[in-house]
Amino acid sequence: MLYVKNLHKSYQSGNKSYPVLKGIDLSVADQEFTAVMGPSGSGKSTLLNCISCYIPFDEGTITLGSQQLKGLSEDALAKVRNEKLGFVFQDFMLLDGLTIRENILVPRIIRGKTGRDAEKLTDQLLALFGIEHISDKYPADVSGGERQRTAVARSLINQPLLLLADEPTGNLDSKSSRTVIESFENARDQLGASIFMVTHDSFAASFCDRVILLKDGRVYDNLKKEESQSAFQDRLLAAIKQMSSETV
Amino acid sequence: MMTMKLLEKKLQKADQKQAALYLFCNFVSLMIITAYSAMILSPTVLLVLPEGGDSRKQMTAVFVLALFGCTVFTVYASCLFFRKKSKQLGTLMALGASRKRLAPGLFREVLMLSGTSSLLGIFAGIPFVWLLWNGFRLFLVDSEEMTLRVDFRFLYLSAAFFVLVVACSCINAFRYLKRTNIMDVVREEHRNEPVKQLGRWCGPLGFLLVLAGAVMGYSAPGVYMNLFHAYPNALLNLLYAPVFAGLYLIMLHTVTHGWHIPRKNPYKNLISRSMMKFQGKQTVNNLLVSTVLIAGGSFAMFYLPTLGVSSVLETASRPFDYFYHYRQDQHIPGEKELSAMAQEHGMAIKDFREVPYLSLGMDGTTQMEDEGNAFHIEYIELLEEGKFFSETDYETLTGEKISVEKGSYYAISNDEETVTYYSNTDASKLTNMDTRHSLSVSFAGFAHYGLLSGRIGYYILNDQDYSQIARDLSAPWMGRCACFNADGTDNYAFAQDFYHTLVSSFGPECEYPDTYDRIYKTYLNERGETYWGDTDRMSRLSYDRPDTTDFRTYWAYMPKSRILDRSDFVKNFAVFLMMFLFIAIICSLAAMVIGYTRCLTIALNNRSVFEDLKRLGASPAFLRREIKSQAGPVFQFPGLMGMGIMYFLYFMILLANDGKFTTDEAVGMAACFGLLLIFAGIYFLVYRFTVKSMCRQLEIL
């Protein structure tokens, strides 16, 4: 589904160049729920933004499905973002002037395909994520958890190849966070979605099929879930502790 | 079925609140520019303000300033609108909408918002100027000249500004769309704009630059002319540039350091100063523009007090209620006729005195223009006309004894010698224009009699010299001065009757302004040259319009009447008063809008900071104090600097004019200070309203 090879990205400030990604290699399989974790400054969000086609990268390749993302025109990139990718942001990024239902439909509206099947799919997503009762409300009138579930539903309306989530539980309480993670699991199990999530939250990451640890712009470890969720979380925490001690 | 167009429409509807400030700024700026354009191109104003004169130049300079200020706050408001809009744009781009897709909708929205509000502003500008002008006529002063006539070509200026405003908005829209980094677009709302910091030396250096620029700019033309014997180029005005650089440094110091002494309490206003610093770029720019606008408004406000006070004091100090002079070839009412006229108005006249004078040619040196801007000093035998009394006649008229030595002459000035500029003090020869006999003379000093000082030069000769030079001089070259008092209470109707009768008694050969010089005309005509006063360059006066400002100010035989001059001063200068009052209102309004807009922006941009402070336990009183610390500098410093600089500049002008600071001028400056206090009061009310608005925005009780 997603192949990242030798990805390099640096930021310029004046005359100085600050490398953030120093040769990332990873992949996300079909219907796989993958998380990326790491300390602040490890390059998690930069990695996500490169895969999302939000920012250009310096070197390497990113292949989504069968399409390479480097060198695409702006229109082609916009098409990729709309049809092949779905996004869930930390601060939800819902449009305040639209209802919950309308927010979910936005990617379809951009695509220009808002027929009966789009309405049907919207109803399904509203039911799947338990937000039918707020479909005619506005984002300002609903809770954080409900907003994030709306964002998850929106990310799936175009049935993308890959759903990208940047700290989706960052602004939520534990109950709402659990609900959002359940939404991702539902999306994987019932809709066959592949999910790539950046997170600090080891609890959220412990529900994933695989967790990639980043350190200083490189892949430090690749942990596949082979045990229960709580045991996996313990293993994650141990790996993170190991990673941190190596820094010291 | 929802389409992209419907989606955009819905989002635009939700944007209305955010667009409110943008619409308001567009509307106000077009209203201001339309009203001002209507004024400066109004035939009413153009007829009264002399072409090429200082007042027209000032009016144009302030128009340019207002144009600049309005452009700044309009562009600023549009940037603010786009910053809010950027999150929406970024989200849509992140969800796969291409820039090409978003562009038409965005430009449509921008054109609609800026176009509608700007058009409404243009429409509002016309009743605005009509209301203001006629309000002045109703409550302040009315005169024949005050009927507002409008030349609708002013709409070209409004239309040009309209195009500029809409173009700036579209350029801004294009800039935001063109951003390559979507995350930057999404986070634009929260972007900081810190200003580059300089050390604490920048404030004091700023003051020095302002002073240096003001002095250099003011004195440079004189120095240039003395050194190069040429008129300076307009480029010399660039020497004023340090004033603006200095102002920028002062504002920068205000924003980045504040004016408190750091040693005493380094944490004083720490939060508000840090908020100010991280939004510093636009704040500094706004402070600068506001300062310049307030300076322009103050300049306009000071015009009337400085003119009016000296006029009022001069009128009050006259030793006679009435004074007039005339050529002896004119048939002018004498004492008998004037007494009869006074009786008709139920009053009498007393202390009537009348003495003759001679109009003689005076020699001297003058600047003659050469090619380019150069000039040279040339001696002219018949340079100008001087009116000469004998020492005895002078004493008869004024009651002041003077002894003039043979071969010398005195020039008459006021007590403080502030009008000596008009006197010829280097004449060496006086000429009888009929016989061309001349008299060698030298300047002996000034006699002091205010009633005889001013643009018309009066002089005193020794009795013998007077008799000698007067031989065979004809009536057109001789004149008489007369003065008298009202016996008891003076009568305005009598004064009007006296004035109009006097005017109608003169023949067409006297229908010219006091700058028309018969002597110099004769000199040039005898050399086969045309005198400029006989060309279109000379302002034309007409006996048919004796009550116009031009006639009352410039007619060569204009009498002085205390009651008429006192009562009609405001009427005579009505158009000037109106124009400068209007300028003051426009500039002040623009400065207040900028201040208000900037403060609201600061509130909106720092909303998260105030939320965090609330969570950290800050009380409403603390938060209100922080708000005042933000809003205070935005209003205080431009107000203090703008008014202060202009006050100082006016003081410098008055001092540099004649090297003296007279009592009249001191009273005038005191009147200006009073006006400043009134303006400061209004400005303070706007500040209070702004603070309340900020508290409301941030939901602080």
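A residue is termed buried if 20 or more other C-beta atoms lie within 10 Å of its own, exposed if 12 or fewer, and partly exposed in between, with C-beta atoms placed from the backbone. B:Phe651 is partly exposed because 15 other C-beta atoms lie within 10 Å. This is a predicted model, in which local features need pLDDT of at least 70, side-chain atom pairs count only at pLDDT 80 or more, and totals for chains, interfaces and linings use all residues. Residues are numbered from 1 along each chain as its sequence is written, and chains are lettered from A in the order in which they are written.

- B:Phe651 belongs to helix H21 (residues 620-658) of chain B; helices (H or I, at least four residues) and strands (E, at least two) are DSSP runs numbered from the N terminus.
- Between the C-alpha atoms of B:Phe651 and B:Glu665, 14 residues apart along the chain, the separation is 8.6 Å.
- A:His200 sits in the loop between strand S8 (195-198) and helix H7 (202-205) of chain A.
- With 14 other C-beta atoms within 10 Å, A:His200 is partly exposed.

**Interface of chains A and B**

- The contact (C-beta atoms, placed from the backbone, within 7 Å) takes 23 residues from chain A and 22 residues from chain B.
- On the side of chain B that touches chain A, H1(B) gives the most, with six residues.

**Domains of chain B**

- An automatic or database assignment divides chain B into domain 1 (1-191) and domain 2 (322-489 + 508-542).
- The centres of these two domains, taken over C-alpha atoms, are 56 Å apart.

Note on methods
Contact = placed C-beta atoms within 7 Å.
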